[in-house]
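Please walk through this model with me, one region at a time. The sequence and the structure come next.

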Amino acid sequence: MIERKIIWSEAGLPGLVLGILCIAYFAVTSLLQLPLLTAILWVAKLFGCIFIMYLFIRKFVSIHPQEASNSDSFRFGVAVSVLSAFIYSAGYFIFLQYICPDFLSDAMNSAMQAYGSMLDSNSTEMIENMMPKLPTIGFFTNFLWCAFYGAVVSAVISRSVPSENPFKEDSK
C-alpha cells in the first residue's frame with residue numbers, strides 16, 4: 001500500500017494538466033459560441049480526459065510496480081480528480097467573476113426575455129438577487145460534479161490497472 005502523501009504529491013501535476021485542459025475547453029467554447037465546434041470539442045474533451053487519466057494512472061503504477069494495487073491506483077485517480085476539479089472550478093470562477101462578468105448576466109437576460117412572462121414578481125426578484133452569487137455557486141457545483149465524475153472514471157480504470165494477471169511476468 002502506497003502512502004497517502006506519495007499519492008497526493010504525485011497527483012499534483014496530472015491534476016494541473018487535466019484542470020488546465022478543461023479550463024481551455026471552457027474558455028474556447030464560451031468565447032467562440034459555435035454550436036458545432038462546441039459539440040466536437042466536448043466529445044474530444046470527454047474522451048481525451050478519460051484517456052489522459054488512464055495514461056496518468058498507468059504511469060503511476062509503472063513508477064511503483066511492486067507496491068501499487070488497484071486500490072492505490074483508484075486513490076491516485078481520485079486525488080487527480082479532486083485537484084483537477086479544484087483547478088477547473090477556480091478557473092471557472094475567475095472567468096465568470098473577473099474576465100467576463102457579463103457572461104452570466106447576458107445568459108440570464110436572454111432567459112428572462114424568453115421565460116420572464118411565466119414568472120411572478122417575487123420569483124423574478126429572487127433570481128435577480130441570486131445573480132451576484134452565481135460564480136460562487138458555479139465554483140462549488142463544478143467542483144463537486146467534476147470530483148464525482150473523476151472518481152467514477154478512476155474506479156472504472158483502476159479495476160484493470162495494475163493488471164491482476166498472476167502470469168503477467170511469464171507473458172512477456
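Proline 162 sits in the segment that follows helix 6. Helices here are DSSP runs (H or I, at least four residues), numbered from the N terminus. The peptide bond leading from valine 161 into proline 162 is cis, with omega near 0 degrees. This is a predicted model, in which local features need pLDDT of at least 70 and side-chain atom pairs count only at pLDDT 80 or more, while totals for chains, interfaces and linings use all residues. Residues are numbered from 1 along each chain as its sequence is written, and side-chain values use heavy atoms, with hydrogens and water left out.

Now turn to the first helix pair. Two packed helices are described by the angle between their axes and the distance between the axes. Helix 1 covers residues 4–32 and helix 2 covers residues 35–63. Their axes come within 11 Å and cross at roughly 175 degrees. The axes are lines fitted to C-alpha atoms over the stretch in contact, with angles running from 0 to 180 degrees between N-to-C directions. Helix 1 and helix 2 are therefore roughly antiparallel, a label for angles over 145 degrees. On the helix 1 side, the contact (heavy atoms within 4.5 Å) includes Ile7, Leu18, Cys22 and Tyr25. Helix 2 contributes residues including Trp42, Cys49, Met53 and Phe60. The contact residues divide into 18 nonpolar, two polar and two charged. In this scheme Ala, Val, Leu, Ile, Met, Phe, Trp, Tyr, Cys and Pro are nonpolar, Asp, Glu, Lys and Arg are charged, and the others, Gly among them, are polar.

Glutamine 33 lies in the loop between helix 1 and helix 2. Its phi is positive, about 55 degrees, although glutamine 33 is not a glycine. Glutamine 33 is exposed, at 54% relative accessibility. The classes are buried (under 20% relative accessible area), exposed (over 50%) and partly exposed (in between), with a 1.4 Å probe and protein chains only.

What about the cysteines? A disulfide is a covalent bond between the sulfur atoms of two cysteines. The criterion is a pair of cysteine sulfur atoms within 2.5 Å, and by this rule the count is zero. The sulfur of cysteine 49 is 3.9 Å from the closest cysteine sulfur, in cysteine 22, so the gap is too far for a bond. Cysteine 100 is in no disulfide either, as the nearest cysteine sulfur, that of cysteine 22, is 19 Å away. Cysteine 49 is buried at 16% relative accessibility, whereas cysteine 100 is partly exposed at 22%.

Next comes the interior. In soluble globular proteins, nonpolar side chains tend to be buried together. A nonpolar core is a set of buried Ala, Val, Leu, Ile, Met, Phe, Trp, Tyr and Cys residues joined through side-chain atoms within 4.5 Å. The largest core has 26 residues, and Met53 and Phe76 touch the most other members. Helix 1, helix 2, helix 3 (70–99) and helix 6 (134–158) each supply at least two residues of this core. Helix 3 gives the largest share, seven residues. Beyond four places in sequence, methionine 53 touches Leu18, Gly77, Val80, Ser81, Gly150, Val153, Ser154 and Ile157.

Finish on helix 3. Aspartate 72 lies in this helix and is buried, at 0% relative accessibility. Leaving aside neighbours within four places, aspartate 72 contacts Met1, Ile2, Ile7, Phe60 and Glu67. Serine 71, also in helix 3, is partly exposed at 39%.

Terms used. Parallel < 35°, antiparallel > 145°, perpendicular 65-115°, else oblique.
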